[in-house]
Amino acid sequence: MNKTEKIIAALLGCFLAFLVVKDYRAAKDAATRKPVQKQQVQNTAQRQGATAEKKADAALQSATAPAYTPEVPEERVVLENGFVRLELTSHGAAAVKETLLHYGEKTGEIGEDNPPVTLVFSRHPLFAVDGVEGLPANLAWEVAEKTDTNAVFKSAFGTRTVSLGEDYTITLEEDFNDASPDGVYRLALGTMTLGASKNGVLAVDSKTAQTPEQKSKVMHYDEEEPLKSYLVAGVGGCGGCGAANSSAFPANGAVPVHGQQVWIALKNRFFVTALTDAGRHNTGFDTYIERDVNAKEYRTKSIAVSARFKGLESKRSFTVYAGPKEQSRLWDLGMKDVMEFGMWRWVCYPMVAILNFFHAIVPNY
């Protein structure tokens with residue numbers, strides 16, 4: 001071994017030692033971390049003030065409120081643009097599931113034995129509305145117009161138009177007769193469910209808006225409060241977090257995050273649904289967490305997010321990205337930090353670009 005090789009070997013050894021120490025500390029912290037019990041969540045809300053506590057209670061009530069059942073039969077509408085197939089329901093004028101046409105459930109060619117990935121939004125359909133007085137989340141809307149990539153819904157409240165972009169972007173345009181400026185308007189960003197893989201993960205990210213007191217900051221809530229102790233989803237990645245006391249967590253919970261956001265993202269290991277521009281009327285978001293009650297260790301089964309607004313105009317527009325965690329697409333949306341590379345991000349960014357370049361030539365990494 002020559003001198004250069006010895007130096008390289010020494011540097012690699014130091015790097016591996018760093019990773020081992022880092023993983024050991026993370027495992028130690030995870031093993032000693034105490035699950036946040038319901039009373040502790042309530043105490044946190046009290047410290048944030050009476051207003052925050054009321055909002056948390058309202059979010060929890062919204063998450064557990066009995067569903068309104070429309071008398072008009074449901075109508076399903078399917079939009080498709082070559083990248084996604086989006087299925088909408090007239091009950092709520094919202095999306096219940098999205099099929100990603102270029103991504104199979106397994107590696108290899110998509111076909112009968114390897115169907116494309118489908119994101120099922122279940123209890124919190126994408127674009128479902130909550131908080132508008134007199135408007136149930138699953139109100140029966142009339143399908144007024146329909147094209148391959150566009151659907152217009154009408155009701156006594158006004159119109160909602162859902163349109164597919166050229167790839168994984170979906171736009172909602174609303175023209176409501178009543179803007180409900182004094183109420184809280186919540187817009188659902190869909191649901192993510194943890195799969196069976198031991199490397200599965202569920203997480204919530206956002207970028208806070210800049211204020212006179214603080215600069216804008218990207219928040220990863222699997223590392224930051226108030227969601228840190230809940231977002232330990234992952235069959236093996238948590239190392240047994242809360243194994244002995246998982247029953248201390250409620251089966252369903254709602255946790256509010258306060259403050260204006262630039263963007264809000266809900267993600268699993270490979271895919272993300274994100275409100276790409278929350279806008280000046282955004283006041284935060286509510287996260288609805290469902291625990292896997294059948295798991296021996298604490299495990300999050302599903303997470304849903306609703307962006308929260310106040311003072312919206314009667315005409316408004318929202319754009320959601322619902323697709324793969326592709327660095328180039330997220331970068332163009334100003335959301336590159338959804339890809340969590342940590343301290344090595346400045347090495348990983350160009351590395352991913354180089355890998356994608358060669359993959360485009362020889363489709364094999």
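Predicted model: local features only at pLDDT ≥ 70, side-chain atom pairs only at ≥ 80, totals over all residues.

User: What does its side chain make a polar contact with?
Analyst: The side chain of Arg76, at 2.4 Å. Leaving out residues up to four places away in sequence, Glu87 also touches Val77, Val78, Ala94, Ala95, Val96 and Lys97.

User: Switching topic: which residues touch the most other members in the largest nonpolar core?
Analyst: That core has 70 residues, and the ones with the most contacts to other members are Leu88, Phe127, Phe153, Val162 and Val204. Strand β10 (residues 185-193) is the biggest giver, with five residues.

User: What does Val162 touch?
Analyst: Not counting residues up to four places away in sequence, its contacts include Leu79, Leu86, Leu88, Phe127, Phe153 and Ile170. Thr149, Asn150 and Thr171 are among them too.

User: OK, now the open sheet. What's the order of its five strands?
Analyst: β5-β10-β17-β16-β13, with antiparallel pairing. The edges are β5 (129-130) and β13 (252-258), each pairing on one side only.

User: How many bridges join β13 to β16?
Analyst: Seven, and β16 spans residues 282-291.

User: What does His258 stand opposite?
Analyst: Gly284, which is in β16.

Methods
Residues numbered from 1 in each chain as written. Heavy atoms only, no water. Polar contact = N/O pair within 3.5 Å; in protein donor to acceptor, adjacent residues only side chain to side chain. Contact = heavy atoms within 4.5 Å. Core = buried A, V, L, I, M, F, W, Y, C linked by side-chain atoms within 4.5 Å. Buried < 20%, exposed > 50% of the residue type's maximum accessible area, 1.4 Å probe, protein only. Helix = DSSP H or I, 4+ residues; strand = E, 2+ residues; numbered from the N terminus. Pairing = 2+ DSSP bridges.
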